[in-house]
Amino acid sequence: MMQHYEMTDLGLLHHFLGMGVEQTDKHIFIHQKKYAMKILEKFGMRECKSVAIPLVVNEKLCREDGSEAADESEFRQIVGSLLYLTATRPDVMFASSLLARFMHNPSKKHMGTAKRVLRYIQGTLDFGIEFAKGKTATLIGYCDSDWAGSEDDMRSTSGYAFTLGSGMFSWASIKQNTVALSTAEAEYVSAAEATSQAKWLRFVLEDFGEEQIEGTQILCDNTSAIAMARNPVHHQKTRHISRKFHFIREAIQTKEIELIYCKTEDQIADILTKALPKDRFVRLRSLLGVKSAKGLEGSVEI
């Protein structure tokens, strides 16, 4: 490019669109520490006490919770800021997408939950995603779902995450469009959404010269959902599921996707579908690749 355009080589990338990039011989570390500090200062939370997890386990949010109305403008600004922070912080993806459901007429309880997430950010300012060098570029996905987690419409939440061997680089936490009649159906829909993302990622990776020769493994912790995906015959359990989700069967038959069982305790996508106890949350956060800069080998300064 320097032969065709006037360019200046500024060396290794350090900042890009609010993200910091630290590169060493062994890893690349991406973070948004400065942006996170700006968020806390903007909403008067710079000196707040931190908490270990972003959401309280078993606490459900709903539109009508009986508490007073909160400042809608401030709430929207907090949620919008948190959503941008998820570019390098999948550990707050579920909390941010959950709060985004209450943009219209938020209550004091919703505001309190949003500020709790900010308190979690306060205690994890130097966290980001670590990508270790030298790993084989094999695409692997994880998919999971809760069941009827939404108090307002009883819909489930799907979550998926993809890695190329070290650190997740693609993730989502999405409320499903239909009500699932069973956990198997909720997991099946989640697997279908993960399959759609996997097919797109395979296409993009091929353009980058990293064509995936083997079928992409997607790990699911529900054996019934796996059996439904592998069985092309429509039966009583699947006849009411929207046809758009059944393309997962075609992807399996053409060997683009391979749906694999994994134990629930090893299901990384669980952190994208529900609030978790501290020990499990910290473990899955680490498996996502979200770590403190201080804990990296050859610790980096950010």
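**Entry 1: α2 and α4**

I began with the crossing of α2 over α4, which is left-handed (the near helix is turned anticlockwise from the far one by less than a right angle; clockwise would be right-handed). The helix and strand names I use are DSSP runs numbered from the N terminus, with H or I over at least four residues for helices and E over at least two for strands. I am working on a predicted model, where local features need pLDDT of at least 70 and side-chain atom pairs count only at pLDDT 80 or more, while totals for chains, interfaces and linings use all residues. Residues are numbered from 1 along each chain as its sequence is written, and side-chain values use heavy atoms, with hydrogens and water left out.

How close do the axes of α2 and α4 come, and at what angle do they cross? I found them within 10 Å, crossing at roughly 35° (axes are lines fitted to C-alpha atoms, for helices over the stretch in contact, and angles run from 0 to 180 degrees between N-to-C directions). On the α2 side I noted E74, F75, I78, L82 and L85, and on the α4 side H110, M111, A114, K115, V117, L118 and I121 (contact means heavy atoms within 4.5 Å). I sorted this contact into nine nonpolar, one polar and two charged residues (Ala, Val, Leu, Ile, Met, Phe, Trp, Tyr, Cys and Pro are nonpolar, Asp, Glu, Lys and Arg charged, and the others, Gly among them, polar).

**Entry 2: α1 against α2**

I stayed with α2 (residues 72-85) and turned to its packing with α1 (residues 33-42): the angle is about 170° and the axes are 11 Å apart. The two helices are therefore roughly antiparallel (over 145 degrees; under 35 is roughly parallel, 65 to 115 roughly perpendicular, and the rest oblique). From α1, Y35, A36, I39 and K42 take part, and they meet Q77, S81, Y84 and L85 of α2. By class I listed five nonpolar, two polar and one charged residues.

**Entry 3: α5 and α6**

The touching residues are A184, E187 and Y188 from α5, with S224, A225, M228 and A229 from α6. Here the tally is five nonpolar, one polar and one charged.

Beyond four places in sequence, Y120 touches V51, A52, I53, P54, R89, D91, V92, F281 and R285. I also checked Y120 against E74: 46 residues apart in sequence, 18 Å apart C-alpha to C-alpha.

Q122 also sits in α4 (residues 108-123), and at 15% it counts as buried. With neighbours up to four places away set aside, I found Q122 in contact with L40, M45, R46, E47, C48 and S50.

**Entry 4: S96**

S96 belongs to α3 (residues 93-99) and is buried at 1% relative accessibility.

I found D144 in strand β5 (residues 140-145), buried at 2%. Which residues does D144 touch, not counting those up to four places away in sequence? I wrote down T157, S158, G159, E187, S190, D221, Q267, A269, D270, T273 and K274. M19 is 125 residues from D144 along the chain, with 28 Å between their C-alpha atoms.

K175 lies in strand β7 (residues 168-175) and is partly exposed, at 22%. Outside its four-place neighbourhood, K175 meets R101, S150, D153, R155, S156 and T157. From K175 to L276 I logged 101 residues along the chain and 18 Å between C-alpha atoms.

**Entry 5: the record**

Lastly I opened UniProt, where an unreviewed entry gives residues 1-56 as "domain: Reverse transcriptase Ty1/copia-type"; such annotations may be inferred rather than shown by experiment. In the model, that span is 18% helix and 21% strand, and its end C-alpha atoms lie 51 Å apart.

Definitions and conventions: Buried means under 20% relative accessible area, exposed over 50%, partly exposed in between (1.4 Å probe, protein chains only).
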